[in-house]
Amino acid sequence: MQGNDDMNQMKTADAAVPEEARGLDIHAHADVSNYETTGDPLLDNPKMSARNVNVYYGEKHAIMDVSLDIGGNEVIAMIGPSGCGKSTFLRCLNRMNDTIPICRVKGDIQLDGEDIYHSRQDTVLLRARVGMVFQKPNPFPKSIYENVAYGPRIHGLAHNKIEMDEIVENSLRRASLWEEVKDVLDKPGTGLSGGQQQRLCIARAIAVSPEVILMDEPCSALDPIATARIEELIDELKERFTIAIVTHSMQQAARVSQRTAYFHLGKLIEVGQTKQIFTNPQHELTENYITGRFG
Amino acid sequence: MSNETYKNTALIQASLKKRYAREKRFQWMGRFAVFLGFLFLFILLFDIVGKGLPAFTQQYLLIDLDLSADALDVAPDADAEALSRANYAGVIKSSLRDMFPEVKSRSDKRMLYRLVSVGAEYELRDRVMADPALVGTRQSLWLLAHSEAASYLKGQVDPNSPEAERRVKDAQITWLDQLHADERTKSGFNTQFFTAGDSREPELAGIRVALYGSFLTLAVTFLLAFPIGVCAAVYLEEFAPTNRLTDLIEININNLAAVPSIVFGLLGLAVFINFFEFPRSAPLVGGIVLALMTLPTIIITSRAAIQSVSPSIREAALGVGASKLQAVFHHVLPVAMPGILTGSIIGMAQALGETAPLLMIGMVAFIMDAPAGVTDPATVLPVQVFLWADSPERGFTEKTSAAIMVLMGFLIMMNALAIYLRKRFELK
Ligand SMILES: Nc1ncnc2c1ncn2[C@@H]1O[C@H](COP(=O)(O)OP(=O)(O)OP(=O)(O)O)[C@@H](O)[C@H]1O
Ligand SMILES: [Mg+2]
């Protein structure tokens with residue numbers, strides 16, 4: 001009896017994890033072979049636009065015919081079950097997938113109307129304009145200062161030490177890490193806690209002032225306080241930048257984003273204003289997901 | 001349900017004992033293996049150090065020398081030129097005869113002269129030439145003992161063993177005992193071992209040429225193999241496309257690492273000496289040959305080190321807009337550097353101990369003068385060890401072990417360097 005009680009408690013504690021582990025099986029809804037994205041994925045004057053994007057990992061078809069626009073100065077949230085291709089799609093937007101030899105990207109992706117997969121597109125410039133915060137915190141094994149200063153340094157954004165110090169401090173402040181690390185800037189960034197590392201990575205990404213910031217679950221390792229700060233930061237950043245954020249937290253998507261895109265098994269199922277998606281989802285799969293019926 | 005649970009617990013408990021026993025057994029086996037390894041290492045070290053240590057001391061004999069112009073066979077006001085050709089050997093011999101007037105027969109006299117090293121006459125010449133005022137005086141000077149006499153003085157010869165079995169004869173033992181009783185023997189640190197080149201006389205032989213040769217050879221090896229090896233590893237690991245050609249190259253590099261070193265020696269002989277006509281016996285050719293031999297090791301270990309760097313670091317660098325080259329040189333290489341250095345130093349240590357390929361390119365010559373550059377003839381430490389180990393004289397046996405001690409000293413230093421560099425790179 002005792003054991004059973006424990007089991008039940010664990011299930012409720014697990015409720016935050018929208019994985020296959022819970023309740024219904026997402027694969028039961030896997031038949032998305034003829035579908036059209038519900039809602040309107042296209043915008044008038046997009047910052048970035050993706051058209052008919054298909055991504056393959058070797059034989060595996062990871063993204064299927066996704067078209068989606070990202071407007072200037074907007075925050076777009078991408079949600080969906082684990083393994084549905086959110087990270088893959090995000091990584092297409094700054095050609096990070098180029099680093100995976102077996103990965104092939106088909107389709108057309110533009111930044112300010114220019115094809116980023118064009119053979120003349122410089123990936124260095126692209127990635128300076130479209131920054132990224134990765135799913136797993138990955139600080140350089142160098143000092144905290146150097147982590148933040150690295151981007152500005154290779155791009156020549158600071159002309160002297162004072163300017164560099166300023167960039168580093170500003171970036172760390174905006175990532176709400178400054179107070180914690182201001183006295184240990186020369187300590188290795190890898191010595192920070194997981195959540196601090198992720199904020200360091202955010203500071204590193206904003207230090208080069210990209211036009212678009214891609215965030216892959218930036219808060220998955222953070223406590224509620226740091227999460228709230230990051231969300232504030234996102235609010236603040238959208239004044240100047242465009243942000244695409246992948247998140248598993250429905251509340252977070254609802255709080256920070258203007259538009260939300262729901263992915264499912266490599267397909268873009270539904271796009272719409274965040275409010276509409278969460279209050280009145282049009283597609284059955286979207287509804288199932290946000291109401292937690294997948295488990 | 002709960003019954004089931006208890007049953008499982010009982011099952012697990014029953015298996016625990018066995019599992020722990022297995023773990024214990026494994027641990028003991030491991031300890032035994034480590035102990036055995038250390039034991040052999042200790043025996044080896046003990047043997048080498050025991051044999052080699054006496055080589056670091058020299059024996060001297062105090063001889064009363066008659067340095068009169070007559071005895072030296074020069075005019076009283078002889079100039080330097082004449083002094084350099086004076087009869088120092090004669091002076092030493094007659095002085096020895098004076099000290100032991102009872103020695104009469106020719107063969108006994110020859111044995112008497114053998115107490116003092118043939119190098120003593122040159123030492124005496126240098127002293128007299130440095131201070132010509134010595135001419136015409138009588139001096140008691142410490143002269144270097146012959147290696148056979150020295151070995152008796154060091155206690156390496158059992159005087160009770162049959163005379164035919166030892167090189168120090170009974171008569172010599174009597175004289176040496178007498179000198180010892182008169183406090184006319186002393187031992188001192190053997191600086192000559194480090195400052196002299198090779199010699200046919202064990203007490204005069206030193207490793208200076210071999211030290212210089214090893215240093216120059218390794219410098220050439222390192223300057224060639226390290227940059228080329230690391231660049232090749234970086235290219236193959238980070239930039240090269242994966243296709244048939246790179247697969248073939250990879251297989252060949254792995255095979256090269258297993259090629260016997262003497263083959264590289266043959267290659268060096270055929271290509272560098274016969275075809276390019278580089279000088280024989282030179283550290284330049286030795287270094288090139290050893291570099292070829294070390295390259296596969298460096299490439300393979302460097303690739304492994306680069307491979308083990310987490311890809312997330314590369315992604316992080318690329319993500320802020322670093323070019324591929326910047327990502328590699330700013331982030332991947334510093335992380336991989338400890339591994340690369342360890343591999344390179346292992347390769348260099350191999351090269352330091354290599355003999356066979358150097359024999360092929362003639363670095364086995366008898367050389368007395370230290371090389372001034374990479375094209376001068378030289379030998380290297382392991383070849384010197386090889387040469388001395390081949391000599392029958394007892395004096396060379398201890399030199400062999402002493403040279404091995406020096407060689408091992410360098411290996412330890414190289415490893416210490418590797419550890420130091422590792423620590424430094426890891427701190428950053
Ligand atoms: N490097 C890779 N090689 C092969 N397949 C991959 C690779 N990366 C991702 N995939 C596959 O592509 C699909 C989409 O993966 P992706 O990482 O985009 O999912 P995700 O939506 O980000 O999931 P999560 O929420 O768990 O991060 C998965 O089925 C995964 O197995
Ligand atoms: Mg992901």
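## Basis

The model is predicted: local features need pLDDT of at least 70, side-chain atom pairs count only at pLDDT 80 or more, and totals for chains, interfaces and linings use all residues. Residues are numbered from 1 along each chain as its sequence is written, chains are lettered from A and ligands numbered from 1 in the order in which they are written, and side-chain values use heavy atoms, with hydrogens and water left out.

## Chain A overall

Chain A has 11 helices and 10 strands (DSSP runs numbered from the N terminus; helices are H or I with at least four residues, strands E with at least two). Of its 295 residues, 51% are buried, meaning under 20% relative accessible area with a 1.4 Å probe, protein chains only.

## The sheet of chain A

An open, mixed sheet of 6 strands runs in the order β6-β7-β8-β3-β9-β10 in chain A; two strands pair if DSSP finds at least two bridges between them. β6 (130-133) and β10 (267-273) of chain A are at the edges with a single partner strand each, so one side of each has no neighbour in the sheet. The twist averages 15° from one strand to the next, with axes fitted to C-alpha atoms and angles from 0 to 180 degrees between N-to-C directions.

β6(A) runs parallel to β7 (residues 212-216) of chain A, joined by 4 bridges. A:M132 has A:L214 in β7(A) as its bridge partner.

## A bent helix in chain B

Helix α15(B) bends by about 50° at B:L333, and the proline B:P334 follows within four residues. The bend is the angle between axes fitted to the seven residues ending at a residue and the seven starting there.

Terms used:
Buried < 20%, exposed > 50% of the residue type's maximum accessible area, 1.4 Å probe, protein only.
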